[in-house]
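Q: Could you help me learn how to read a metal site and a helix in a protein model?

A: Gladly; let's look together.

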Amino acid sequence: MIIIKSKDEILKMKKAGEILAACHRELRTFIRPGITTLEIDQFVEAFLKKNGALPEQKGYHGYPFATCTSVNDVICHGFPSQTLLVEGDIVTVDMVVNLDGWLADSAWSYAIGNVSEKSQKLLDVTKESLYKGIEQAVAGNRIGDISHAIQVFAEAQGFSVVRDFIGHGIGQEMHEEPQVPHYGPPHKGTRLKAGMVLTIEPMLNTGKYHSKIDQDGWTARTVDGGLSAQYEHTIAITEDGPVILTEQ
Ligand code: MF3
Ligand code: CO
C-alpha cells in the first residue's frame, strides 16, 4: 500500500530534508584526503543531533552506524572505518534523517582531492542520471518512466546500472511502497500521484552491474572490482511537478 502524504506532512519531511542537505553541504569541505570514514560518520551524527534530528539508519535492522560510507568499488551500505581516505578515492555518504518522526534520505558521492578522469565522469554521469529520473517524477507518469530515463542515460555514457538496490517510498518509515528500480522499460509499473514521496538513488558502475556482499553482511561491492557512485534525493510528487526535499 502506498501512503499518500498531505501537504503538511510533506512540509515536515522537507524540514528533515533541509537538515540533511545542510549536512551534505558541510561535508563538501569536511571530506578531504587524510580523514577516515569513521570521522565522517561521527561528524554527521553530531551535526544531526545539534540540529534536533536523529540518524535513522543507526540500529535499522541492526545497522551499526549513522551513515553508510562506500569507498571506490563499494556500491552501498559500506561501514565507516579507520581507513584513511586518500587522493583519488571516491566515497558515497548515505544518511536518513529523522526529524520529529518524519524522514528524508539522501546519498552523495564525493571526490577525494583530484580524481581520475574516469572517476570524475562516473560522478558527473551518476548525478545527471538522478536528475533525468527526477524529471520523470510527475503525476500521471509511471515508475518505469523514472527507471527507464536513468538506464538509457547511464548506459549511453558507458556505465552500468546496479540492479540489486533500488529506490523506495519514504515517510514515517524508511522503506515504504512503491519500489523504484533504476532500470527497466518505460510506461510500466505504478502510476505516480500527487502526495507520493519517493527516493530516486541510482548507483552506476564503471564495469558490470553485478554486486556481492562482504562477510559483514552489509557492504555491497562490485564483483568485477570496478568503481561505483551514487546520488540520491527524496522527491515529493506534487500537482506542480517533482519537489526535491533534500536539495542542497
Ligand atoms: N539510505 C539507504 C536507502 O537508500 C538505507 C541504508 S540501509 C541502512 O535505502 F540499514 F543502513 F539503513
Ligand atoms: Co534510500
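Q: Why is the arrangement of donor atoms around the cobalt ion (ligand 2) irregular?

A: Donors are N, O and S atoms within 2.8 Å of the metal (3.2 Å for Na, K and Ca), with water not among the atoms, so sites may look incomplete. Six count as octahedral if opposite donors are over 155 degrees apart and all others between 65 and 115. Here the six donor atoms subtend angles of 47 to 157 degrees, which makes the arrangement irregular. This is a predicted model, where local features need pLDDT of at least 70 and side-chain atom pairs count only at pLDDT 80 or more, while totals for chains, interfaces and linings use all residues. Residues are numbered from 1 along each chain, chains are lettered from A and ligands numbered from 1 as written, and side-chain values use heavy atoms, without hydrogens and water.

Q: Which residues coordinate the cobalt ion (ligand 2)?

A: D105 (OD), H168 (NE2), E201 (OE) and E232 (OE) do, at 2.1 to 2.3 Å. D105 lies in strand β5 and E201 in the loop between β9 and β10, so this pair ties together parts 96 residues apart in sequence. Strands (E, at least two residues) and helices (H or I, at least four) are DSSP runs, numbered from the N terminus.

Q: Are D105 and E201 buried or exposed?

A: Buried means under 20% relative accessible area, exposed over 50%, partly exposed in between (1.4 Å probe, protein chains only). Both D105 and E201 are buried.

Q: How many residues of α4 are buried?

A: In α4, 10 of its 14 residues are buried, including I143 and F153.

Methods: Four donors count as tetrahedral if all angles lie between 85 and 135 degrees; four count as square planar and six as octahedral if opposite donors are over 155 degrees apart and all others between 65 and 115; anything else is irregular.
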